[in-house]
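Thank you all for coming.

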Amino acid sequence: MRIRVMNACLAVTLASALAAGSPVRAEEPAEPPPDPTRGQWDSFLDPLRDFEDTYVVGTQKQIEDATKFHIGVGFTEAFMWDFNNPRSGSLIAGHSLEHHNDGVPALGQLAVSRPSEGWFIPGMGLKLDAGKGARDIKSDWNGNGAVAHGDTFETNDFDVEEAYLTWAMPEDGPSFMKGLTLKGGKFVTLLGAEVIEPWANYNYSRSFLFSLAIPFTHTGALVSYPISEKVSVTAGAVEGWDKVQSNNQGWSGIGNVTYVVTDQVTLAANGIWGPEQTNKTGNKRGVADLVATIKPTSALTLLLNYDWGHEDGAAAGNEAALWQGFAAVANYAFTDRASVAVRGEWFEDHGGTRTGVVQSLYEATVTGKYLLTQHLYGQVEYRHDESGKGNFFPADSPGVVNGPTGPNAITKFTSGQDILGFAVTYVFN
C-alpha cells in the first residue's frame, strides 16, 4: 500500500479520501485562485497561459460538467546524474524510480475519475502510466511471484497504476452511514508520505522509505467511514504488495486512521499485514506507517514519516527480517512561484532483506521548484546518499577483464553517492 503528499492539513485528509475512492468536492464550486504567474517578468508566456486556461482547463471543465468524468494529464521529463557514474540508464542504487543519465521520459499519466451516483451507478478511477517510471512500479500481474522478463505485460514502459470502482452512500441513505464508501480493484497504497506521481511530492527523488519500506499498489477492496469531522478510518483486504494475482493464495489486511487535530496538524496511522512469500502463507510481513503533516505558517509545511517493518523467516538462517526508518521534509514557499524542499532521512535494514545488505542508509536532499505557468514548472535537486556499511553504491561504469574462465565484470563500490537532477513537469489535475 503506497501513497504520499500535497499540502498541509489537506495532505493526509485528501490522500485518505482518495484512497477510499470518495470524491473531495466543495458544496458550491469555488472560484479558482488567481494565477500567480501572471503580471510578472515573464509576461511573454501569457499566450501559453491563455491557451491553457481556454483550451485545456476549459475543455477539462466542459467534459466534467457534461459527463461528471474528471480527466487529468501529467508528464515529467527528468535528467539525473549520479557522480559515481554507474551504467547509463540504470536505476540509481537504493532508489525506486530515478535513473542515471537516461533520456527516456520519467512518467506520463492519463487519469480519469468519476464519483458514484445514487444507489446503482458506481464511480470509478483509472490511471494509465507510460515511461520509465511505469516499468519501475510494475505489479506481479500473473501471480508467479516475480516481475520478470518473459512475463506478459510486466516489463514494458506502460502500466495500469489504478483501475477501480467506487460506491458512496447516497444522500437519501441512513444518516448514520453518511460518508461510507466502498472501493474495489487496483489502487495505490495507503502507506507512506510520498506518492508515485512526482507532481504530488515536494522533492523530485523518492525517499528510501518510499522505495524500500512499503509497497506501491494493491489489488483488493477497501471500506472507508468518517467517524467524526476529525477522525476517519479505512480498512480492507488486498492480494498483497504489488500484486494483481496472489502468488500464495493468501490475503493481507490493510488499514488507515486519519485524525485532523487542528487546521495546522493532521496525523495518520497506516498498516498492512499478511503473507508475501511465494507459495507460503505461514510467514507474515507487516508494516506500521505513521505520517504527520504540520503547517506552522502559510509558507512552511513539515512532513514527518516513520516506518517499522517485520517479516517472519525472511532473513538469513530463516530469521525474522526487520527494517525501520524516519524521514522529515520541510517545504518553504518563498513566493507563490518559488519554493524549496529539504529532506533528511535514515533507513535501517537490520536483516538485509530490503537492500541485500545489513546496513544503515542516510540521505539529504534539497529541491528547488519554480512555476513557469500554473501547470508547468521546473525543479533542480541535489542529493547525497550514504551507507553506514561502506562499499554499497556502485562507482564507475562496470567493465570486463579476461580471466581464466572468460570475461569477468569489474565493478567498483563506494560508501556514498551524490546526485544532481533536473526535472520539468506539465500537469493538469
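Let me begin with the second largest cavity, which is lined by 17 residues, and of these A193, E194, L303, A327 and V329 lie nearest its centre. Helix 4, strand 11 (300-311) and strand 12 each give two or more residues to that lining, and the volume of this second largest cavity is about 110 Å³. A cavity here is a set of points, on a 1 Å grid over the protein atoms alone, where a 1.4 Å probe fits but cannot get out, and a lining residue has an atom within 4 Å of a point. Grid points are joined across faces, edges and corners, and a volume is the space filled by probe spheres set on the points. By this rule there are 4 cavities of 30 Å³ or more. Helices (H or I, at least four residues) and strands (E, at least two) are DSSP runs numbered from the N terminus.

Before going further, please keep in mind that this is a predicted model, in which local features need pLDDT of at least 70 and side-chain atom pairs count only at pLDDT 80 or more, while totals for chains, interfaces and linings use all residues. Residues are numbered from 1 along each chain as its sequence is written, and side-chain values use heavy atoms, with hydrogens and water left out.

Next, the nonpolar cores, meaning sets of buried Ala, Val, Leu, Ile, Met, Phe, Trp, Tyr and Cys residues joined through side-chain atoms within 4.5 Å; buried is under 20% relative accessible area, exposed is over 50%, and partly exposed is in between (1.4 Å probe, protein chains only). The largest core has 24 residues, and those touching the most other members are L191, I254, I272, V287, W323, F347 and L361. Helix 4 (208-213) and strand 12 (321-333) each supply at least two residues of this core, with helix 4 giving the largest share, 4 residues. Apart from it lies another core of 11 residues, including L107, V188, I196 and L371.

Now to charge. Side chains of opposite charge can pair when their charged atoms come close. The rule used for a salt bridge is a side-chain nitrogen of Lys or Arg within 4 Å of a carboxyl oxygen of Asp or Glu, and a search of the whole structure finds 24 of them. D42 pairs with R49, their closest N and O atoms being 3.0 Å apart, and both D42 and R49 are buried. E276 and K243 also meet in a salt bridge, at 2.3 Å from N to O. This pair links distant parts of the chain, 33 residues apart, since E276 is in the loop between strand 9 (265-275) and strand 10 (284-294) and K243 is in the loop between strand 7 (231-238) and strand 8 (252-260). E276 counts as buried because its relative accessible area is 7%, and K243 is buried as well, at 5%. Salt bridges that share partners join D35, R38, D42, D46, R49, D50, D53 and R337 into one network.

Finally, a point about the backbone. Most residues other than glycine have a negative phi. N279, in the loop between strand 9 and strand 10, has a positive phi near 65° although it is a residue other than glycine, and N279 is exposed, with a relative accessible area of 67%.

How values were computed:
On a 1 Å grid over the protein atoms alone, a cavity is a set of points where a 1.4 Å probe fits but cannot get out, and a pocket is an open set with protein on both sides within 12 Å along at least five of seven lines; lining residues have an atom within 4 Å of a point.
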